[in-house]
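Open the model in your viewer and keep the selection panel to hand. The tour goes from one selection to the next.

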Amino acid sequence: MAALAAVVVLALATVVAGAASTPGAAATMTTSKSPPVIYIFGDSMSDVGNNNYLLLSLAKCNYPWYGIDYKTGYPTGRFTNGRTIGDIMAAKFGSPPPVPFLSLYMTDDEVLGGVNFASGGAGLLNETGIYFVQYLSFDNQISSFEQIKNAMIAKIGKKATEETINGAIFQIGLGSNDYVNNFLRPFMADGIVYTHDEFIGLLMDTIDRQLTRLYNLGARHIWFSGLAPLGCIPSQRVLSDDGECLDDVNAYAIQFNAAAKNLIEGLNAKLPGARMYLSDCYSVVMELIDHPQKHGNQ
């Protein structure tokens, strides 16, 4: 997990620099001297402790050596040895790390800053991760953001709230669990009921509805993380005869990314003021896997 987190963080750092340099994004980020508010939606790659507040959740990481390279040196609910994607993004923009949603009371002043809604085990689909018992699916996370928006309105009024949210960055990293903890699991119904083409269609319809819902809540700058080569993660490689990456699972990720790119381009064309981006995690991670020596690994 820590190794995969590191390479996806690198991929996101690349797209953050690219997206921030585009005219539309740069204009928004330079209209204020204050760092942007950042909202994080995701799974275990981005969770900063939300699952710690879910008593029945089986997706937790409060064990050695999680957190050993974090500033505290102890587990924090992050599924990594150090910082998450959201932590690193916030640092790049000079913003405080977004706090876990479930740590907040709606009367806290922290509702006015960045918030992290990510939950280990979560997916785009509500049924993904069901065997972790308790988690926040993407739909749950969007509903949680709506609570934050209402709390902001109560504190600073509707106009200021809309301005803050319109100028905020929404980072979304979901979809991996919909494969590795759903479609590819022989005991999960989605892999039995749907062909892969049908499953892609289900995922795209779901993302379309979810991103449109976020847009209607005020989100304008959305950075969606494409899937990394899922066939190269340990849980998949162990299923191969030679321990190498599973090409068919990687092909699923490529197909998902292409469909998501088309969907996001369509939403940008349809929704006024929308600036949505798809980060290319796949090619960056494959570069690290195929040519580790070029990047400091022996």
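Select Tyr179: its relative accessibility is 0%, so this residue counts as buried (under 20% relative accessible area; exposed is over 50%, partly exposed in between, with a 1.4 Å probe and protein chains only). This is a predicted model, in which local features need pLDDT of at least 70 and side-chain atom pairs pLDDT 80 or more, while totals for chains, interfaces and linings use all residues. Residues are numbered from 1 along each chain as its sequence is written, and side-chain values use heavy atoms, with hydrogens and water left out.

Helices here are DSSP runs of H or I with at least four residues, and strands are runs of E with at least two, numbered from the N terminus. An α-helix has 3.6 residues a turn, so residues three or four places apart point the same way. Tyr179 and Phe183 form an edge-to-face aromatic pair, 6.1 Å centre to centre with 75° between the planes. Rings of Phe, Tyr and Trp (its six-membered ring) pair if their centres lie within 6.5 Å; planes under 30 degrees apart are stacked, over 60 edge-to-face, and the rest tilted.

By this rule there are 20 aromatic pairs. For another, select Tyr39 and Phe170: the ring centres are 5.1 Å apart and the planes are at 45°, so this pair is tilted. Tyr39 is in strand 1 (residues 38-42) and Phe170 in strand 4 (residues 169-173), so the pair ties together parts 131 residues apart in sequence. Tyr39 is buried at 0% relative accessibility, and Phe170 is buried with a relative accessible area of 0%.

Now extend the selection to Phe41, Phe101, Phe117, Phe138 and Phe145; ring pairs link these with Tyr39 and Phe170 into a cluster.

Next, show Arg220 and Tyr215. The charged end of Arg220 sits over the ring of Tyr215, 3.8 Å from its centre; the criterion is NZ of Lys or CZ of Arg within 6 Å of the ring centre and within 35 degrees of the ring normal.

Which residues of helix 11 (residues 281-290) are buried? They are Cys281, Tyr282, Val284, Val285, Met286 and Leu288. At the start of helix 11, select Asp280: one of its side-chain oxygens reaches to within 3.4 Å of the backbone nitrogen of Tyr282.

Conventions:
Polar contact = N/O pair within 3.5 Å; in protein donor to acceptor, adjacent residues only side chain to side chain.
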